[in-house]
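My notes follow in the order of the look-ups.

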Amino acid sequence: MPTPTVYRTALRGLERLHEGKVRDIYALDAATMLIVTTDRLSAFDVVLPDPIPDKGRVLNGISNFWFARTQHLVPNHLSGRELSSVIADADERALLEGRAVIVRRLRALPIEAVVRGYLIGSGWKDYRASGAVSGIALPPGLALAAQLPQPLFTPATKAKPGAHDENIPFGEVAALIGPELAAAMRDTALALYAFAAEHARRRGIIIADTKFEFGVDADGRLTLIDEVLTPDSSRFWPADGYRVGASPPSFDKQFVRDYLETLDWNKQPPGPRLPPELIARTSEKYREALTRLTGQSLNAIG
């Protein structure tokens, strides 16, 4: 039986705290929340009207895979509670199966902890203009998609809805959250990237860059939150298609971005509808990323 596609949720008896581009968040009690990963897709900061089947379950499955394997590096927000303990209705549980987690309430830090291992995207544009990425000087003569001499921590502020994240120097992070916590965030983000990049490379995937989000618990302990090392928060490249000097294909919504660039659309809401074949191809790429990374199918993991 195929699983339902979920664009937006309206759970009975629960207070909705937030509806993001992809996730719906509900209050459970003073200590925990329910996070539902929908099949919504955003591009150019606009949520598109067509969901991508299985996308939410893929993102949730990949995040849970990494959460389980990185606990030796940093604690995470998962509470360990089962969905059945808070959702009594069987139909609602079926809708949420594989795409919802119960997490601890934490104080989210106002920083996107970005780690770059390869020269691509805004990092490439920055390097071409200044010879540096986020103010960090790099050797001259590097090509597009080149592996960096070492991974870089290039933090950014979290933008308000409709705005773009803004890269900031490490000193500004220290001023915002304190030097000790800033250093812990930087060191933990780099350790997470190194651990994940090694695993992914063995599975035929290059993690070109990624972003992490962190919070702190009541004791001030740094904690990994939100999603982690998914195709939405990372740039995944197939290792067998990688070569320096060219932008490799990726396991994410790049198909959609490329299509939207061909349209006469001003990148403002509402977003355009997507052709069925593009929706199917994007869904397939998300599922392939999960299988390659975890070694399991979507049905097995979620």
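The model is predicted.

Entry 1, cavities. I asked how many cavities of 30 Å³ or more there are. The count comes to one. I noted a space of about 70 Å³ for the largest cavity. I then listed its lining: Arg23, Ile35, Thr37, Leu59, Asn60, Ser63, Asn64, Phe67, His77, Val101, Asp226 and Glu227. Sorted by type, the lining residues give four nonpolar, five polar and three charged.

Which elements supply at least two residues each to this lining? I found strand 3 (32–37) and helix 1 (55–69). Helix 1 has the largest share, with five residues.

I looked up the largest nonpolar core and found 68 residues. Phe212, Phe214 and Leu274 have the most contacts inside this core. The element that gives the most to it is helix 5 (residues 179–202), with nine residues. There is also a second, separate core of nine residues, with Leu11, Leu83, Ala100 and Ile102 among them.

Entry 3, helix 5. With 24 residues at 1.5 Å a residue, helix 5 should span 34 Å, and its end C-alpha atoms lie 35 Å apart, so the two agree. I then read off its buried residues: Leu181, Ala182, Met185, Thr188, Ala189, Leu192, Tyr193, Ala196, Ala197, His199 and Ala200. An α-helix has 3.6 residues a turn, so residues three or four places apart point the same way. Just after helix 5, I noted a positive phi of about 85° at Gly204.

I located Asp50 in the loop between strand 5 (46–47) and helix 1. Is Asp50 buried or exposed? Its relative accessibility is 7%, and the cut-off for buried is under 20%, so Asp50 counts as buried. Beyond its neighbours within four places in sequence, Asp50 is in contact with Tyr7, Pro272, Arg273, Leu274 and Ile279. Leu274 is also one of the residues with the most contacts inside the largest nonpolar core. Last, I took the C-alpha distance from Asp50 to Ser130: 39 Å in space, for 80 residues in sequence.

Key: Residues numbered from 1 in each chain as written. Predicted model: local features only at pLDDT ≥ 70, side-chain atom pairs only at ≥ 80, totals over all residues. Heavy atoms only, no water. 1 Å grid on protein atoms, 1.4 Å probe; cavity = no way out; pocket = protein on both sides within 12 Å on 5 of 7 lines; lining within 4 Å. Points joined across faces, edges and corners; volume = space filled by probe spheres on them. Helix = DSSP H or I, 4+ residues; strand = E, 2+ residues; numbered from the N terminus. Nonpolar A, V, L, I, M, F, W, Y, C, P; charged D, E, K, R; others polar. Core = buried A, V, L, I, M, F, W, Y, C linked by side-chain atoms within 4.5 Å. Buried < 20%, exposed > 50% of the residue type's maximum accessible area, 1.4 Å probe, protein only. Expected span 1.5 Å × (residues − 1). Contact = heavy atoms within 4.5 Å.
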